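Let's take a friendly walk through a protein chain together. Have a look at the picture first, and then we will go from one spot to the next.

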Amino acid sequence: MSTGSGADSAPAPTSTHESTTGGTFSSLKIRNYRLFATGAVISNTGTWMSRITQDWLVLSLTGSATAVGITTALQFLPMLLFGLYGGVIADRLPKRQILLVSQALLGLCGIALAVLTLSGVVEVWHVYLVAFLLGMVTVVDNPARQSFVSEMVGPAQLRNAVSLNSANFQSARLIGPAVAGVLITTVGSGWAFLLNGLSFLAPLVGLLMMRTSELHASVRVRRAKGQLREGLTYVRGRPELIWPIVLVGFVGTFGFNFPIWLTAYADEIFDGGAGMYSFFNILMAAGSLAGALLSARRRSTRLRMLVAAGTAFGLLEIAASLSPNVWLFSILLVPIGMLGLTTNITANTSVQMAADPEMRGRVMSLYMMVFAGGTPVGAPIVGWISDTYGARIGFASGGAISVIAALAVGFALARVGGLRLKVDLRPGRPHVRFVPREQLATAA
């Protein structure tokens, strides 16, 4: 397998031909993955509790959507600054050992914020600091965790396992906000932070119980100069990698700023409270879970699905931003969650399947750096727009940028793949579709 510059790479495919076998939950037949998934759903629930509580705590301390945006930005700033180095580390070191350390550190960050809050001394700069430290840990944790999936399940089950990881995360997202809303209104934010810190014991136990003999052999990269540059060159020369990463970069930077928008809609536009904010997150999680399970059932990854989902996601955000009442807004959050998750999963799996094993850590670190690391750029901008012009304008602008990015990437992939747009108005035929250039020439 090539790890060179990729100058001779083929045009971008429209689909990935590896398929999932064994049904929607086939990856769970593998013991190591079951342990991983069980620990993850517990820690993910704690993480969502903490995220909701953190956003509401910052809003309570400052009364500013911009401050919520700054908190989000600080949590993802390390990924933007150091994300590629995390991928180099993930390619060099045993990923299970990395995860044992990183998961323990994430738990300690949660406990530290709990102590500050329960003692009554918490200030907004404390939340900023803990958010930044969480981001520093995830620089290494994210690429290691993403690429460790293939070691647990192997290439045949990779698509299914990635989709189930997202379903796992979204299942926790259904539970976490509801629990957070109850804790905030009854015993206070500190207990939500404490439970989040303790929840990381579950993945640590799961990692320790794994049978290392059953893990698929990984390709370890020896320490050498130029490995960071090699990863960038590798991705740049492959359209099937670079364009999905570009799309999720725009969507992640401008379209996924839900902590800013949902807090503003709950607090200002619809005059709700923490309970309404939690309710909004639960609705989005329900849609995201549906999107993840539908992705797990699909047997192939098609880049045209990525473009279609990204476009529809942005259009629905624009529609939701104009909702005149809370019920229409709430209903639209479900398909927004479903299409947002479909966009993310399709990009994630297509990139993982297209990357060579020895490059996967660096490729996934670039993916996560662009997807999550763009938040420090987008969150303050979107927060400022929401504070200055209103949450509706902020939400609509994020959706508009997502639509433009999806359409631009769609046409770029079509051009690389030798496709052209064909309009056919005859009855019973697709009205608009991409076809090869030769087919257009023949039809002419």
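## A walk through the chain

Leu28 is partly exposed, because its relative accessible area is 31%, and that falls between the 20% below which a residue counts as buried and the 50% above which it counts as exposed. Keep in mind as you look around that the model is predicted. You will find Leu28 in the loop between β1 (15-16) and α1 (31-62). Which residues does Leu28 touch, once its neighbours within four places in sequence are left aside? They are Tyr33, Arg34, Ala37 and Leu164. Another residue to look for from here is Gln157: 129 residues separate Leu28 and Gln157 in sequence, yet their C-alpha atoms are 9.9 Å apart in space.

Now step back and take in the whole chain. It has 17 helices and four strands. Of its 444 residues, 56% are buried. What share of the contacts with a separation of 6 or more comes from residues 24 or more positions apart? The share is 84%.

Next, let's see how helices pair up. Find helix α3 (residues 95-118) and helix α4 (residues 124-153), whose axes come within 9 Å and cross at roughly 155 degrees.

Helix α13 (residues 326-354) packs against helix α14 (residues 360-371) at an angle of about 155 degrees, and their axes are 10 Å apart. That angle makes α13 roughly antiparallel to α14. Here α13 passes α14 in a right-handed crossing. From α13, the contact is made by Asn344, Ala347, Asn348, Val351 and Gln352. From α14, the partners are Arg360, Val363, Met364, Tyr367 and Phe371. By class, the residues of this contact come to six nonpolar, three polar and one charged.

Ser199 is found in helix α6 (residues 189-199). Is Ser199 buried or exposed? With 8% relative accessibility, Ser199 counts as buried, because the cut-off for buried is under 20%. Not counting residues up to four places away in sequence, Ser199 touches Ile42, Ser43 and Gly46.

The other serine, Ser288, is found in helix α11 (residues 274-297). Ser288 has 2% relative accessibility and therefore counts as buried as well. What does the side chain of Ser288 reach? It reaches the backbone oxygen of Gly337, at 3.1 Å.

Our last stop is helix α10 (residues 258-269). Its buried residues are Phe258, Ile260, Trp261, Leu262, Thr263, Ala264, Tyr265 and Ala266.

Definitions and conventions:
Residues numbered from 1 in each chain as written. Predicted model: local features only at pLDDT ≥ 70, side-chain atom pairs only at ≥ 80, totals over all residues. Heavy atoms only, no water. Axes fitted to C-alpha atoms, helices over the stretch in contact; angles between N-to-C directions. Helix = DSSP H or I, 4+ residues; strand = E, 2+ residues; numbered from the N terminus. Parallel < 35°, antiparallel > 145°, perpendicular 65-115°, else oblique. Left-handed = near helix turned anticlockwise from the far one by under 90°. Contact = heavy atoms within 4.5 Å. Nonpolar A, V, L, I, M, F, W, Y, C, P; charged D, E, K, R; others polar. Buried < 20%, exposed > 50% of the residue type's maximum accessible area, 1.4 Å probe, protein only. Polar contact = N/O pair within 3.5 Å; in protein donor to acceptor, adjacent residues only side chain to side chain.
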